[in-house]
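The sequence and coordinates follow.

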Amino acid sequence: AAELFEAARSAGSPAETIPLLERAAEQGLAQAQAMLGLAHAQGHGGLSANAAEAIRWFRMAALQGDADSAYNLVAMCEARPGCIGGRRSDTRRWLGLAATQGHAPACFELGNLLLDEDASQAVSLFRRAADSGHPAASFNAGHVLALGRHGVEPDLTSALLLFSRAEWAGGKVADDARAALERLWPRWVAAADG
């Protein structure tokens with residue numbers, strides 16, 4: 001299967017690549033299954049976009065521990081339990097598989113799912129994603145720590161650092177992070193003086 005995958009990677013055209021990937025995937029190679037999942041999801045390699053086929057290949061690769069496929073499975077299914085495997089816990093399981101391998105978007109999404117029931121774990125996941133450069137995760141962790149929400153003790157210093165990281169990264173959360181910094185700074189100074 002590995003030889004077929006390497007042949008597919010060096011093939012010159014989609015007409016050559018896809019059949020080799022399919023053979024490698026059918027022989028159980030997770031990398032080939034993941035690539036076929038992407039090809040079907042996005043309509044690449046001469047294939048038409050086909051969500052059902054993408055989900056099928058992502059699930060096969062995810063069952064073998066492929067973090068990107070586990071995350072892509074949840075994303076393709078839009079976290080609908082019936083699509084993923086029948087239960088909300090299946091969404092958590094797939095995201096958890098990807099998160100344990102350091103997949104930042106999976107850490108962020110799993111943190112959001114866990115926030116109301118295990119905020120400490122959620123903050124830990126947000127921080128792991130933030131350490132990988134995920135600005136929204138930095139913002140979420142900062143928000144929970146700034147307010148001491150969901151049973152987590154406030155930590156204004158960590159919140160300031162996390163909001164700063166979110167602002168520096170730019171993107172969609174930069175303005176919100178800047179506003180949070182402006183609101184939090186006086187509280188931090190007052191706490192330090194007190």
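Which residues of helix 2 are buried? They are Thr-17, Ile-18, Leu-20, Leu-21, Ala-24 and Ala-25, where buried means under 20% relative accessible area with a 1.4 Å probe and protein chains only as cover. An α-helix has 3.6 residues a turn, so residues three or four places apart point the same way.

The model is predicted: local features need pLDDT of at least 70 and side-chain atom pairs pLDDT 80 or more, while totals for chains, interfaces and linings use all residues. Residues are numbered from 1 along each chain as its sequence is written, and side-chain values use heavy atoms, without hydrogens and water.

**Two helices**

Helices are DSSP runs of H or I with at least four residues, strands are runs of E with at least two, and both are numbered from the N terminus. The expected span of a helix is 1.5 Å times one less than its number of residues.

| Helix | Residues | C-alpha span, end to end | Expected span |
|---|---|---|---|
| Helix 2 | 14–26 (13 residues) | 18 Å | 18 Å |

The buried residues of helix 2 pack against helix 1 (2–10), helix 3 (30–42) and helix 4 (51–63); a contact means heavy atoms within 4.5 Å. Just after helix 2 comes Gly-28, with a positive phi of about 95°.

In helix 10, the buried residues are Ala-136, Ala-137, Ser-138, Phe-139, Ala-141, Gly-142, Val-144, Leu-145 and Ala-146. Their packing partners are helix 8 (104–114), helix 9 (119–131), helix 11 (156–169) and helix 12 (174–193). Gly-148 follows helix 10 and has a positive phi near 65°.

**Whole chain**

The protein has twelve helices and zero strands. Its radius of gyration is 21 Å, whereas a compact globule of 194 residues would have one near 16 Å; the value is taken over C-alpha atoms, and the globule rule is 2.2 Å times the number of residues to the power 0.38. Along the principal axes, the C-alpha atoms fill a box of roughly 70 × 35 × 25 Å.

Buried residues make up 43% of the 194 residues. Of the contacts between residues at least 6 apart in sequence, 44% join residues at least 24 apart.

Note on methods
Buried means under 20% relative accessible area, exposed over 50%, partly exposed in between (1.4 Å probe, protein chains only).
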